[in-house]
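These are my notebook entries on one protein chain. I set down what I looked up, in the order in which I looked it up.

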Amino acid sequence: MYLLIPAAGSGRRMGSNRNKLLLNLLGQSIIGWTIKAATESNRIDWIGIISQPDDWQDFENILGELNLDKPVKLIKGGSTRQESVYNGLGALPSQAEQVLIHDGARCLATPSLFDSCTETLGRTSGLIAAVPVKDTIKVVNDNNIIQSTPDRRQLWAAQTPQGFDVKLLKQCHQEAVSKGWEVTDDAALFEKCGLEVLIVPGEESNLKITTPQDLAIAEFILKNRK
Ligand code: C5P
């Protein structure tokens, strides 16, 4: 399976002036943990890491330390996640028919989650890992006045990996460019194009590292995994 890892964001919400994925988490960079988990899944054969050229030397150093036995390609990131994934799709080897996309910031995903997503992608052309939401979710207007309360039983929190038929996802991204759609994940593009996306059970611990508090929680989870 081909895997793209969007890793070209900034550290703004982390309060960091560098790419948050280069921050240290128990002796290893955040992106290092992510790559390690992906490569420990023997279903993943090729990895494209999408990142800003300014960070490439750091990424090369991390890859050198991990000493991987799978091909890894560094791909230039865009100014949004959507743009970064679009660049990644363009850099896939021509024989790639399916692809998993996994955020570099989700460094706690386990190798078995990559396995289950890969297996399921044999039966569908679009999937995402997700977990049922635990909170009651409110939809509000610009003045923070609640407009509705969706039935929680129908709400799932989207994670990554997300997996797709490459040809279809490329078409969706091209349509997004021509229509000016802006989305925060690839499943949303599939949905907008009227294509089906199946949910695969995700992992409660598969959080996206966004704030310093997430980093502390990730440390706790990893320590308890050892
Ligand atoms: O900012 P956020 O954590 O939601 O980003 C999700 C993922 O997308 C992160 O792994 C981040 O590195 C990546 N990203 C990207 N290119 C951007 C912005 C974010 O690859 N321009």
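**Entry 1. Helix α7**

I began with what the buried residues of α7 pack against, and I found β2 (24-25) and α1 (30-40). I counted a contact when heavy atoms lie within 4.5 Å. The model is a predicted one, in which local features need pLDDT of at least 70 and side-chain atom pairs count only at pLDDT 80 or more, while totals for chains, interfaces and linings use all residues. Residues are numbered from 1 along each chain as its sequence is written, and side-chain values use heavy atoms, with hydrogens and water left out.

I took helices (H or I, at least four residues) and strands (E, at least two) as DSSP runs, numbered from the N terminus. I called a residue buried under 20% relative accessible area, exposed over 50% and partly exposed in between, using a 1.4 Å probe and protein chains only.

Which residues of α7 are buried? I listed Asp-214, Leu-215, Ala-218, Ile-221 and Leu-222. They cover an arc of only 125° around the axis, which puts them on the same side of α7. The arc is that of the directions from the helix axis to the C-beta atoms. An α-helix has 3.6 residues a turn, so residues three or four places apart point the same way. On the other side of α7 I noted Gln-213, Phe-220, Lys-223 and Asn-224 as exposed.

I then checked the length of α7 (residues 212-225), whose 14 residues should span 20 Å at 1.5 Å a residue; the end C-alpha atoms are 20 Å apart, which agrees. The expected span is 1.5 Å times one less than the number of residues.

**Entry 2. Ile-30**

I turned to Ile-30, which is found in helix α1. Is Ile-30 buried or exposed? Ile-30 counts as buried, because its relative accessibility is 0%. Leaving out residues up to four places away in sequence, I found that Ile-30 touches Lys-20, Leu-21, Leu-23, Leu-25, Gly-104, Cys-107, Ile-209 and Leu-215. Of these, Leu-215 is also one of the buried residues of α7. Ile-30 and Ile-209 are 179 residues apart along the chain, yet their C-alpha atoms are separated by 8.5 Å.

**Entry 3. Aromatic pairs**

I paired rings of Phe, Tyr and Trp (its six-membered ring) if their centres lie within 6.5 Å; planes under 30 degrees apart count as stacked, over 60 as edge-to-face and the rest as tilted. By this rule I counted 2 aromatic pairs. The rings of Tyr-2 and Trp-46 have centres 5.7 Å apart and planes at 55°, so I recorded this pair as tilted. The pair links distant parts of the chain, with Tyr-2 in strand β1 (residues 2-6) and Trp-46 in strand β4 (residues 46-51), 44 residues apart. Both Tyr-2 and Trp-46 are buried.

Phe-164 and Phe-190 form a tilted pair too, at 4.8 Å centre to centre and 55° between the planes. Phe-164 lies in strand β10 (residues 156-165) and Phe-190 in helix α6 (residues 186-192), so this pair ties together parts that are 26 residues apart in sequence. Phe-164 is buried, with a relative accessible area of 0%, and Phe-190 counts as buried at 0% as well.

**Entry 4. Backbone details**

Where is the cis peptide bond from Thr-160 to Pro-161? I found Pro-161 in strand β10, and the bond has an omega near 5°.

I noted a positive phi, near 50°, for Leu-26, a residue other than glycine. Leu-26 is found in the loop between β2 and β3 (28-29) and counts as partly exposed at 27% relative accessibility. Asn-144, not a glycine either, has a positive phi of about 65°. Asn-144 lies in the loop between β8 (139-140) and β9 (146-148) and counts as exposed at 62% relative accessibility.

**Entry 5. The chain as a whole**

I recorded 7 helices and 11 strands in the protein chain. Buried residues make up 49% of its 226 residues. Among contacts between residues at least 6 apart in sequence, 72% join residues at least 24 apart. The C-alpha atoms fill a box of roughly 50 × 40 × 30 Å, taken along the principal axes.
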